[in-house]
Amino acid sequence: MNIFEIVVSGVGLASDAFAVAISKGLSLNKVKLKNCFTIGIWFGLFQSLMCLFGYCFGSIFSDFINKMDHYISFCLLVYIGFKMIYDAYKENCVINDSLAFVEMFMFAIATSIDAFSFGVAYRFGYSNNMSLCFSLIGIITFILSFIGTFIGSRIGYKFEKISKIMGGLILIGIGFNVLIDHFL
C-alpha cells in the first residue's frame, strides 16, 4: 500500500469521526484548543488501535464484528443523539462542555469499528508498512477530528440550544446511515 492509498483510506475511515466531532463541537459552549486536542486524540488513537486490533486479532473476532459492527455503531450513535436532544429540552438548558470518559469512549468505539475491519483486510492483503499505515490513519483522524470539533463549536456557540438539537440529529442520521449502508 503506497502513501496515497494510505491517506485515502485514512480520510475514508476518519469521515465518521469528523462528522461526530462536528456534532460534539456543536455541544461545546466555547471551544478551547484543549477540547479539540482531547477529541482528536480519542478518535485518532482509537482509529489506530482498532486497525491494530483488527490486524492482530481479526481472524478470531472478524465474524462477530462483521455481523454486529453496524448494530453497535447504530445503537451508540442514536442513543447519544437522542440524549443530546433530550438534554437540549430539559429545563435550564446548559450546553454540555463535558468530555467525560464514558461519553468519549462510546464515541471513539462507534467511530472506529470500521477501522477494525480495515485492520483485518490489511492483514490478509498487505504485509508491509503496517506501523506507518496505522499511524497515518490515526494522525489523519486526529487532524480531521480536531478541525471538526473547532468547526462545530464555532457554529454551536452562536446557536446554543438549536446546535445541541442539530448535533443530536446529526448523530442519529449517521447511525441510520451506518445501518442503511449495511443493508444495501
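## The largest pocket

Helix α4 gives the most to the lining of the largest pocket, with five residues; helices here are DSSP runs of H or I with at least four residues, numbered from the N terminus. A pocket is an open set of points on a 1 Å grid over the protein atoms alone, where a 1.4 Å probe fits and protein lies on both sides within 12 Å along at least five of seven lines, and lining residues have an atom within 4 Å of a point.

In total, 15 residues line this pocket, and D16, S73, D114, V178 and D181 lie nearest its centre. Two or more lining residues come from each of α1, α2 (33-89), α3 and α4 (130-183). The pocket's volume is about 270 Å³, taken as the space filled by probe spheres set on the points.

## About the model

This is a predicted model, where local features need pLDDT of at least 70, side-chain atom pairs count only at pLDDT 80 or more, and totals for chains, interfaces and linings use all residues. Residues are numbered from 1 along each chain as its sequence is written, and side-chain values use heavy atoms, leaving out hydrogens and water.

## How α1 meets α3

Now to a pair of helices. The axes of α1 (residues 3-27) and α3 (residues 101-125) come within 10 Å and cross at roughly 165°; axes are lines fitted to C-alpha atoms over the stretch in contact, with angles from 0 to 180 degrees between N-to-C directions. That makes α1 roughly antiparallel to α3 (an angle over 145 degrees).

On the α1 side, S9, L13, D16, A17, V20 and K24 meet E103, F107, A110, T111, D114, A115 and F118 of α3, with contact meaning heavy atoms within 4.5 Å.

Notes:
Parallel < 35°, antiparallel > 145°, perpendicular 65-115°, else oblique.
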